[in-house]
Amino acid sequence: MAQGGLYSIVPVQEKDADDVMKLLKRTFFLDEPLNKAVGLCSSETDPCPELEEYYSHSLMEGLSFKAIDHEENIVGVMISGVYPLKEDENGNDLLSQALKCQNPKFQKILHILARTETGARLWERFPHEETMVEVKVAATDQRWRRKGIMNALLKATEKATLQRRIRLIRMDTSSAYSAMSAERHGYTCVYSALYRDIKLDGQPLIVPEPPHNEDRVYVKMLFEQESISVG
């Protein structure tokens, strides 16, 4: 799918794993508000196996897409996966992961993610849905921003979600800019909390720099139960 001859959007393949991670390390790992505020990574060479494992989990589910230039370099990526609306209580839920995490910086992020799950309570808001597609991470090379790559990646993700007949797609935002983008694409905010109010032992876990003041969950219902059309 060519985009004005500048780039193409195609599914992520197994051979792309290392290059995808390199892109994340020089973009999202450094720029994402929570990562930045807690000092999780100070450079793209800093190891963070916990973060790499967290985002690699969904990479090969067939719902992740990359943007490539004419030389097939990866210049953008969106990683998504299929998840239940309610976490399984099998010891691998986010709170259990946080309690077991040995990296104190990443542990704070996991605690916030666990609070997001219990705060959003999507299983109560959408009792007739069993699964959803969740956009876990999106990143674009700095030289390729403002060229419509995120819009194209999201469109491809939504189409793939429709093809699987999954109605609900979720996008969590820690960035104020990502929140505005979600709203422009028709996503509805179903949960929000000020970071200064997300506390552990009476102290805020992480407070990013303004304007990234809120933790938010956005969802979009892609089709009604009785109708679906995938172009």
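**A guided view of the chain**

Among contacts in the chain between residues at least 6 apart in sequence, 74% join residues at least 24 apart. The model in which these contacts occur is a predicted one. Its secondary structure consists of 9 helices and 10 strands. The radius of gyration is 17 Å, close to the 17 Å that the globule rule gives for 231 residues, so the chain is as compact as a globular protein of that length. Along the principal axes, the C-alpha atoms fill a box of roughly 50 × 45 × 35 Å.

The division between interior and surface may be considered next. Of the 231 residues in the chain, 45% are buried. The accessible surface amounts to about 12400 Å², and carbon and sulfur atoms account for 47% of this area.

An α-helix has 3.6 residues a turn, so residues three or four places apart point the same way.

Leaving aside residues up to four places away in sequence, Ala182 touches Met171, Tyr187 and Tyr218. Between Ala182 and Val135 there are 11 Å in space, C-alpha to C-alpha, and the two are 47 residues apart in sequence.

The loops hold several backbone features. Arg121 is placed in the loop between α6 (104-120) and α7 (122-125). Although Arg121 is not a glycine, its phi is positive, at about 50°. With 34% relative accessibility, Arg121 counts as partly exposed. Asp201 belongs to the loop between β8 (199-200) and β9, and this residue, also other than glycine, has a positive phi near 55°. Its relative accessibility is 76%, so Asp201 counts as exposed.

The loop between β9 (203-204) and β10 (214-221) contains Pro211. The peptide bond leading from Pro210 to Pro211 is cis, and its omega is near 10°.

Definitions and conventions:
Residues are numbered from 1 along each chain as its sequence is written. This is a predicted model: local features need pLDDT of at least 70, side-chain atom pairs count only at pLDDT 80 or more; totals for chains, interfaces and linings use all residues. Side-chain values use heavy atoms; hydrogens and water are left out. Helices (H or I, at least four residues) and strands (E, at least two) are DSSP runs, numbered from the N terminus. The radius of gyration is taken over C-alpha atoms; the globule rule is 2.2 Å times the number of residues to the power 0.38. Buried means under 20% relative accessible area, exposed over 50%, partly exposed in between (1.4 Å probe, protein chains only). Contact means heavy atoms within 4.5 Å. Accessible areas come from the Shrake-Rupley method with a 1.4 Å probe; for residues, only the protein chains shown count as cover.
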